[in-house]
Amino acid sequence: MAEKENMFMVESREWYMVSYAPHGVPTSDHLKLRTVILSMDADSIPDGHVAIETLLISIDPYLRSRLTGTIDGLCFQQFELNEVITAFGIGRVKQSKDSKYKEGDLVLNPNSPVAEYYVTPSSHIARKIDAASGISLPDYLSSLGVPGFAAWVGIEVVGNPKPGSNVFISAASGGVGMIAGQLAKLRGCRVIGSTGSDEKVKLIKEEFGYDDGFNYNKEADFDAALSKYFPDGIDVYLDNVGGKMLEAVLNHVNKCARIPLCGMISQYNKVWTEREGVRNLLNMVGKEVRMEGFVVETYLTRIGDFSKEMEGYIKEGKVKSKNKINIGIESFLDSFSSLFSSSNIGKVVIQVKA
């Protein structure tokens, strides 16, 4: 919304939590938008703090696990009721009480309030963004953000496929999958992806370099589909969905296969007693399969390696991303809900301010 006549006072819309959502897709019964008046005057900002105008907000599936009211399998800290929720965001410094930052600086904040404006300790800022780098701002939330880092950890660190390996990636056109497939191709692998539509299958092949893919909504039998696309078995499976797809994969893994568990989006909106079990874990024993879950926070010591490598790939045109940009902070709830409907292609980002 527009600033008031006093240039140091702004109206800021922000999303906050009114009740937890233990199951199902969160709605306006759980998250609401309110307007607050915020002072951006330098005299009202504490030392070591900065006032930020939010430009972009990243919409990521892990946020679902912070809305349940319980510590779920992902073990993320829960949002507090009546407090503003947070996400990865990019903002512009409007006022600064820290000499490291000046007005106009673009910054990345992994704990950005989902608000149009906010004041935060400068220690919460992860990095400045060089506007002249040649990398688009949304790419800092996709290829260089949580999805890109998750893909890099899953492929480069946990999966570690050898050239010629058969790699399978579920949710292949999503924020993680689109990057993971390209990284596996850069390692010289044969890469197949599963997606939710024929349009997405075409996308991963034509834009992200996948060797092939299939629309899981058209496959009545996942076992038959995997037999078709992996006649020589699966060496690495980056799992983003869990459930029936994970179970089917375990019937097609090769000896010493690796299965990095990045996420299980098909199970996020269910309480654990309603989630689909995997009945064939015994397959892991005889084939000595390694299945390993990971969260990116554990690998933050490697983020410098990731950033350097990924920035190089982006500038060289070796890694591309596709972003779904929704306009206005009011679109947060619909944007978040869309993650669970298979309606998106690529990374979902909200443009809060231009």
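1. Let's start with charges: Lys and Arg count as positive and Asp and Glu as negative, while His and the chain ends are not counted. The place of a charge is taken as NZ of Lys, CZ of Arg, CG of Asp or CD of Glu. With that in hand, the chain has 39 positive and 44 negative charges, and their mean positions are 4 Å apart.

2. A quick word on what you're looking at: this is a predicted model, where local features need pLDDT of at least 70, side-chain atom pairs count only at pLDDT 80 or more, and totals for chains, interfaces and linings use all residues. Residues are numbered from 1 along each chain as its sequence is written, and side-chain values use heavy atoms, with hydrogens and water left out.

3. Now the overall build. The chain has eight helices and 15 strands (helices are DSSP runs of H or I with at least four residues, strands are runs of E with at least two, and both are numbered from the N terminus). Its radius of gyration is 21 Å, close to the 20 Å that the globule rule gives for 354 residues, so the chain is as compact as a globular protein of that length. That radius is taken over C-alpha atoms, and the globule rule is 2.2 Å times the number of residues to the power 0.38. Along its principal axes, the C-alpha trace spans about 70 × 45 × 35 Å.

4. What about inside and outside? Of the 354 residues, 53% are buried (buried means under 20% relative accessible area, exposed over 50%, partly exposed in between, with a 1.4 Å probe and protein chains only). The chain exposes about 15600 Å², and carbon and sulfur atoms supply 51% of that. These areas come from the Shrake-Rupley method with a 1.4 Å probe; for residues, only the protein chains shown count as cover.

5. Next, who touches whom. Take the contacts between residues at least 6 apart in sequence: 68% of them join residues at least 24 apart (contact means heavy atoms within 4.5 Å).

6. You'll find Trp15 in strand 1 (residues 9-17), and it is buried, with a relative accessible area of 6%. Leaving aside neighbours within four places in sequence, its contacts include Leu31, Val84, Val114 and Phe332. Glu330 is another contact of Trp15; the two are 315 residues apart in sequence, yet 8.6 Å apart in space, C-alpha to C-alpha.

7. Val36 sits in strand 2 (residues 31-39) and counts as partly exposed, at 27% relative accessibility. Not counting residues up to four places away in sequence, Val36 touches Val10, Glu11, Ser12 and Glu14. Arg275 is 239 residues from Val36 in sequence and 39 Å from it in space, C-alpha to C-alpha.

8. Which residues of helix 3 (residues 198-206) are buried? They are Lys200, Val201, Leu203 and Ile204. These four cover an arc of only 160 degrees around the axis, which puts them on the same side of helix 3 (the arc is that of the directions from the helix axis to the C-beta atoms). The buried residues pack against strand 9 (190-195) and strand 10 (212-215). On the face turned away from that buried side, you'll see the exposed residues Glu199 and Glu206.

9. Helix 4 (residues 222-229) has its own buried set: Phe222, Ala225, Leu226 and Tyr229. Their arc is only 95 degrees around the axis, which puts them on the same side of helix 4. Their cover includes strand 8, strand 9, strand 10, strand 11 (234-238) and helix 5 (243-249). Asp221 lies in the loop between strand 10 and helix 4, and is partly exposed, with a relative accessible area of 41%. Asp221 and Lys32 are 41 Å apart in space, C-alpha to C-alpha, and 189 residues apart in sequence.

10. Last, a couple of backbone angles to look up. Ala171 is not a glycine, but has a positive phi of about 50 degrees. Ala171 lies in the loop between strand 8 (166-169) and helix 2 (175-186), and is partly exposed, with a relative accessible area of 30%. Cys256 also isn't a glycine, and its phi is positive, near 65 degrees. Cys256 belongs to strand 12 (residues 253-261) and counts as partly exposed, at 48% relative accessibility.
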